[in-house]
Amino acid sequence: MNIEIEELAKEFGTSRALHPVSLSIPSGALIALLGPSGSGKTTLLRILAGLEFPTSGRVLFGGQDATGLSVQERSAGFVFQSYALFRHMTVFENVAYGLRARPRKERPTEAEIGRRVNRLLDLIQLPDIGARYPNQLSGGQRQRVALARALAIEPRMLLLDEPFGALDAKVRKELRQGLREIHDRTGLTTVFVTHD
Amino acid sequence: MSDIALSRPVPVTTEPTFARMALIGLAVVFVALFLFAPLVTVFAEALAEGWCGVIAALTLPDARAAIGMTLTIAAIAVPLNAVFGIAAAWAIAKFDFRGKAFLITLIDLPFSVSPVVAGLMLVLLFGANSTLGAWLIANDMRIVFAFPGILLATLFVTFPFVARELIPVMIEQGKAEEEAALTLGASGWRTFLTVTLPNIRWALLYGVLLCNARAMGEFGAVAVISGKIRGQTATMPTMVEMFYNEYLSVAAFSLAAVLAMLALLTLLLKSLLEWRHADLLAATRRH
């Protein structure tokens, strides 16, 4: 799905968080938003996800105006900088969360949820960690679980906020490679924010 | 080099034996003197005339009415303040709005105002001498010297406990997990039930237990607004005082012992829950 950003701007009170920006992201692209901290990259990403609303400008998803859509209606897979895994749930339950949150009619069966979660855990190459809690994982593992959780809802696009920020150089390199592979396999329009 | 290593046989954070003994001894003596001894005295005085005396005292109609009143008040005030506390903490921790600092101060008000003053405020507001009070009485709604007044006083005094426990926990946890749940398609209500509530459940439990202890033990505000009418508006703490003033020491201490038992029971419940869920508690405390 292609994303069109038209003259999007955001102000918090009197301070400008995001100067008007226009951008066209073709379907299936892998885009990095590069820039120093405080330049509004994260704000732009959060507006795309529906977590913030712009002061002016428009967002179009697949040619349709999506500016007023709620965060749930966007169906954007979002990977947070701090991962934001649910700390009281196992990895399995974390990944299954989006599927269980669906309205009853669209909710997959328990067996189907199990199959899908295990397929995602295979995809991120951590097939045996379903029963663990987030605080029992390393930073790189948490990152990949957060990615699997975002992919579980079969999102229309994938948004990642500083996905490799808090990790050491070696893990970062592996994950970057992993993200590229996952992108190539799923063909999802992917936007990520980075400062390097 | 090895000499230097040998000259420090114990870790730097360990004190000499005598210092440790002295500190532990001091703590034990303090706890025994100021916490344990009074508690034992209450039970000893209650049992001065044996179990028959305790049973006779607790079956007095006034004592039974007071126990009923206190338990009813706690059963209504604690759930209400749990809900109010969650709502207040939620608003303060997850949203930015004008007057937030003022709201935090307002939540602390019942802590800083003397309970007697709080009771007096309610009497002045709802008593026969005020316009509102006169209107209420004319319409046959009694608040002062009646059940609603006691409930209002208890609600006021115990309001901060749950909110105060929750605010720091919710601020520390931030909004990220809730935002994650929303991007995964969960509704606001579902997010609250499956993400927010499980994350605050221990703080909520502590808040509720503290709130409950205070709701059952509150004296000052309740004494002023209830009028301490025997058998009608007397609660356990006010009844204890009245028995004691009438030199009915067995009755006074028996009722006091029941109050202490209720407090010990809540503490036991807390410890039991912590013990049963120790693994989960350790696993979920921090990322």
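How many nonpolar, polar and charged residues does the lining of the largest pocket have? By class, there are six nonpolar, three polar and seven charged residues. The model behind this count is predicted.

## The largest pocket

The largest pocket holds about 400 Å³ of space. Its lining is made of 16 residues, and those closest to the centre are B:Lys94, B:Phe95, B:Lys175, B:Glu179 and B:Leu182.

Three helices of chain B, namely α4, α10 (176-183) and α11, each supply at least two residues of the lining. Helix α10(B) gives the most, with three residues.

## The largest nonpolar core

In soluble globular proteins, nonpolar side chains tend to be buried together. Here, the largest nonpolar core has 40 residues. Which of them touch the most other members? They are B:Leu166, B:Met239, B:Phe243 and B:Leu255.

At least two residues come from each of α2 (17-46), α3 (50-58), α4 (61-94), α9 (160-173), α11 (188-217), α13 (236-245) and α14 (249-276). The largest share is ten residues, and α4(B) provides it.

Take B:Met239 as an example. Setting aside residues up to four places away in sequence, B:Met239 touches B:Asp62, B:Ala66, B:Arg230, B:Ala234 and B:Leu255.

## A second core

A second core is separate and has 35 residues. Its members include A:Ile5, A:Leu8, A:Leu18 and A:Phe78.

## Salt bridges

Side chains of opposite charge can pair when their charged atoms come close. Over all chains, the whole structure has 20 salt bridges.

One of them joins the side chains of A:Glu11 and A:Arg16, at 2.9 Å from N to O. Are these two residues buried, partly exposed or exposed? A:Glu11 counts as partly exposed because its relative accessibility is 31%. A:Arg16 is also partly exposed, with a relative accessible area of 42%.

Another salt bridge lies within a single helix. The side chains of A:Lys170 and A:Glu174 meet at 3.4 Å, N to O. Both residues sit in helix α6 (residues 169-186) of chain A. They are four residues apart, about one turn of the helix. A:Lys170 is exposed, because its relative accessible area is 61%. A:Glu174, at 45%, is partly exposed.

Where do the two partners lie? A:Arg116 is in helix α4 (residues 110-123) of chain A. A:Glu154 is in the loop between α5 (139-152) and β7 (157-161) of chain A. The pair is 38 residues apart and links distant parts of the chain.

A:Arg116 counts as buried, because its relative accessibility is 16% and the cut-off for buried is under 20%. Salt bridges that share partners place A:Arg116 in one network with A:Arg102, A:Glu112, A:Arg115 and A:Glu154.

## A loop residue in chain B

B:Met141 is in the loop between α7 (131-138) and α8 (147-158) of chain B.

What does B:Met141 contact, leaving aside neighbours within four places in sequence? The contacts are B:Trp135 and B:Leu136. B:Lys228 is 87 residues from B:Met141 along the chain, and their C-alpha atoms are separated by 19 Å.

Notes. Residues are numbered from 1 along each chain as its sequence is written. Chains are lettered from A and ligands numbered from 1 in the order in which they are written. This is a predicted model: local features need pLDDT of at least 70, side-chain atom pairs count only at pLDDT 80 or more; totals for chains, interfaces and linings use all residues. Side-chain values use heavy atoms; hydrogens and water are left out. A salt bridge is a side-chain nitrogen of Lys or Arg within 4 Å of a carboxyl oxygen of Asp or Glu. Buried means under 20% relative accessible area, exposed over 50%, partly exposed in between (1.4 Å probe, protein chains only). A nonpolar core is a set of buried Ala, Val, Leu, Ile, Met, Phe, Trp, Tyr and Cys residues joined through side-chain atoms within 4.5 Å. Contact means heavy atoms within 4.5 Å. On a 1 Å grid over the protein atoms alone, a cavity is a set of points where a 1.4 Å probe fits but cannot get out, and a pocket is an open set with protein on both sides within 12 Å along at least five of seven lines; lining residues have an atom within 4 Å of a point. Grid points are joined across faces, edges and corners, and a volume is the space filled by probe spheres set on the points. Ala, Val, Leu, Ile, Met, Phe, Trp, Tyr, Cys and Pro count as nonpolar, Asp, Glu, Lys and Arg as charged, and the others, Gly among them, as polar.
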